[in-house]
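Reader: Hi, I am new to this one and would like to be walked through it. Could we look at it together?

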Amino acid sequence: MYSTCLFCHADLGTNEAIEHFPVGRRLAFDGARGRLWVVCRKCGRWNLSPLEERWEAIEECERLFRDTRLRVSTDNIGLAKLPEGLELVRIGEPQRPEFAAWRYGGQFGRRRRTTMIQVGLGLGVLGAIAAGGAAAGVGIGGFGWSLYQLANVIVKGSPGKVIARLPREGDEPLIVKRKHLPHLHLFAGAPGEWSLGVPHRKQLIQYSGEPAVRAVGTLLPQLNRFGGTKERVNSAVEMLQRQADPLHFFATAAGLAQRAAKGEKPTIQRLPEEVRLALEMAAHEEAERRAFEGELALLEQAWREAEEVAAIADNLFLPTSVDDFFRRARGERSRGERAAAGGAESDPAGPNQG
């Protein structure tokens, strides 16, 4: 039983309603296909559950959904809220566009709102500090460059933040930082083939096949940190709908990146926003397809990795350096300075003890 989001590594919470699956505060289930997801309340993404924990829980979800009166339903998708607070999403027989739009629309919309709120608050605090300094007679030119850099970090995220550790066969994991995201390459190969290039020490490490799909699924949420509007999400869903298999879309996107580069490097960042969103959707759907078709070890390994890195995940909050800058600007000590001062004051051999 796992309790951490595969994608943002946040705690998924617990429930007391589903005896065979007490994880999560929102569960989505598809009884016909035997699928059960835990929906992360922080990032909105759907975490497919391990196979052996699924069937009894799906039966419980179905029974509780039928018994509750607090529910809304369309012909294919229903939402019910139990008295103890657990939300159940019942998937019937929706067409793929309807299901994808319903699933990803909330996910990307929530991500967009969350990030914009955080950016707005951060820029508001920065503006207040600048205004306070000007009112106190402190010249803005003295720390204008620092303010500009901090504003850039607030909007784009900390460039030095580690956002992923990609496995490499026979070598150390590849450390990917936020500053590497604009330099992710998508290469088109023979018809239907593609590869992902990840920068590392002034070179590109290439991934193809299953490792490339997993890497895209890990990195794209960071590149798409502002999510997408309803219109963009719908456009992305339509792009996927034109593909017989979501896996085919990677080669299509690689060709688009090659053409968009116009002789320059085919980076993913050059792609239109809806194409990047569609790539993220395709990566998630392909990973779920492999797990559901019997490759359970991949799913369980992903859950274990999520549990291990939960404490160091990039959760979109401001880095410590920015927090310390704000404190110094307000005349407060940073966390490190307070800890050092506390240690000196408690040292019996310190100067205060004479």
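Predicted model: local features only at pLDDT ≥ 70, side-chain atom pairs only at ≥ 80, totals over all residues.

Reader: Okay, so which residues of α6 are buried?

Author: In α6 the buried residues are F249, F250, A251, A253, A254, G255, A257 and A261. The helix itself covers residues 248–261, which makes 14 residues, and its span from first C-alpha to last is 21 Å, close to the 20 Å expected at 1.5 Å a residue.

Reader: And what happens just after α6?

Author: The residue there is K262, and its phi is positive, at about 50°.

Reader: Which strands does α6 lie across?

Author: Helix α6 lies across β9 and β10, and its direction makes an angle of about 105° with β9. Those strands belong to an open sheet of 3 strands, ordered β9-β10-β11, with antiparallel pairing. From one strand to the next, the twist averages 35°.

Reader: How many bridges join β9 to β10?

Author: There are 4 bridges between β9 and β10, the latter being residues 194–200, and the two strands run antiparallel.

Reader: Which helix lies across β10 and β11?

Author: That is helix α4, residues 209–223, which runs at about 60° to β10.

Reader: Let me zoom out for a second. How many helices and strands does the chain have?

Author: The chain has 10 helices and 11 strands. Of its 354 residues, 46% are buried, and the chain exposes about 18500 Å², with carbon and sulfur atoms supplying 52% of that area. If you take the contacts between residues at least 6 apart in sequence, 60% of them join residues at least 24 apart.

Reader: How many disulfides does the structure hold?

Author: The structure holds 0 disulfides. As for individual cysteines, C40 counts as buried because its relative accessibility is 1%, below the 20% limit, and C61 is buried too, with a relative accessible area of 0%.

Reader: Switching to glutamates: is E274 buried or exposed?

Author: E274 is buried, because its relative accessible area of 16% is under the 20% cut-off. This residue lies in helix α7, residues 273–292, and, leaving aside residues up to four places away in sequence, E274 touches R232, S235, A236 and M239.

Reader: What about E231, buried or exposed?

Author: E231 is exposed, since its relative accessible area is 55% and the limit is 50%. You will find E231 in helix α5, which covers residues 230–241. Although E231 and G105 are 126 residues apart in sequence, their C-alpha atoms are 9.4 Å apart in space.

Conventions: Residues numbered from 1 in each chain as written. Heavy atoms only, no water. Expected span 1.5 Å × (residues − 1). Buried < 20%, exposed > 50% of the residue type's maximum accessible area, 1.4 Å probe, protein only. Contact = heavy atoms within 4.5 Å. Areas by Shrake-Rupley, 256 points an atom, 1.4 Å probe, with all protein chains shown as cover. Pairing = 2+ DSSP bridges. Axes fitted to C-alpha atoms, helices over the stretch in contact; angles between N-to-C directions. Disulfide = S-S within 2.5 Å.
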